[in-house]
Amino acid sequence: NMYLINILFSAFYSEFSNYYLCNSLHLTKYDSNKIMSSLHAIIMAVSSYNYLTNKITINFYMEFLLLSAGYCIYDINNVIRINLKNKKELIFDNKLLILCILCTIYENNENIFHLLGVNIFSEISTTFLIVSIYLY
């Protein structure tokens with residue numbers, strides 16, 4: 001199915017990007033993970049905003065949701081490799097997001113897409129949280 005291919009492509013692309021950040025820019029896995037997380041949050045917040053303001057179609061927004069599900073698979077793998085303290089909570093958060101995305105796509109209900117869009121728009125706060133961690 002095409003959805004599965006998009007999700008897996010996104011997971012592999014995220015892994016490749018992380019590899020590039022670590023090796024080419026000589027960042028630690030922890031730092032590259034924070035950059036990847038911030039990029040994911042920004043992309044998802046912007047795509048959600050554009051969907052909620054009718055600047056992109058539901059089908060185009062669905063592609064962003066599939067990319068996000070792929071990122072979650074990458075992030076689960078990365079969290080396990082880095083062995084973070086709050087590993088269980090982060091894995092649960094990613095699994096929950098994947099489940100919500102897949103159920104939303106399966107239901108194909110505009111009201112549910114809207115609700116998910118509002119929730120994912122709040123991902124923008126992740127970027128500010130990561131910046132504040134670095135500044136602290």
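Patches are made of residues with over 30% relative accessible area and no salt bridge, where like charges are joined within 9 Å and nonpolar side chains (Val, Leu, Ile, Met, Phe, Trp, Tyr) within 5 Å. A nonpolar surface patch of about 390 Å² is made here by Leu4, Leu8, Phe12 and Ile73. This is a predicted model, in which local features need pLDDT of at least 70, side-chain atom pairs count only at pLDDT 80 or more, and totals for chains, interfaces and linings use all residues. Residues are numbered from 1 along each chain as its sequence is written, and side-chain values use heavy atoms, with hydrogens and water left out.

**The nonpolar patch**
- Helix α1 gives the largest share of the nonpolar patch, 3 residues; helices (H or I, at least four residues) are DSSP runs, numbered from the N terminus.
- Ile73, another member of the patch, is found in helix α3.
- With a relative accessibility of 35%, Ile73 counts as partly exposed, the class between buried (under 20% relative accessible area) and exposed (over 50%), with a 1.4 Å probe and protein chains only.
- Accessible areas come from the Shrake-Rupley method with a 1.4 Å probe, and for residues only the protein chains shown count as cover.
- A salt bridge, which rules a residue out of a patch, is a side-chain nitrogen of Lys or Arg within 4 Å of a carboxyl oxygen of Asp or Glu.

**Aromatic pairs**
- The structure holds 6 aromatic pairs; rings of Phe, Tyr and Trp (its six-membered ring) pair if their centres lie within 6.5 Å, and planes under 30 degrees apart count as stacked, over 60 as edge-to-face and the rest as tilted.
- One of them is the tilted pair of Tyr49 and Phe121, with 6.2 Å from centre to centre and 35° between the planes.
- Tyr49 lies in helix α2 (residues 29-52) and Phe121 in helix α5 (residues 110-121), so this pair ties together parts that are 72 residues apart in sequence.
- Tyr49 is partly exposed at 39% relative accessible area, and Phe121 is partly exposed at 36%.
- The ring centres of Tyr71 and Tyr74 are 5.5 Å apart and their planes stand at 50°, so that pair is tilted.
- Both Tyr71 and Tyr74 lie in helix α3 (residues 58-82), 3 residues apart, about one turn of the helix, and both are buried.
- Tyr51, Tyr61 and Phe113 form one aromatic cluster.

**Met2**
- Met2 is found in helix α1 (residues 2-24) and is exposed, with a relative accessible area of 56%.
- Met2 and Val79 are 77 residues apart along the chain, and their C-alpha atoms are separated by 27 Å.

Conventions: Helices (H or I, at least four residues) and strands (E, at least two) are DSSP runs, numbered from the N terminus.
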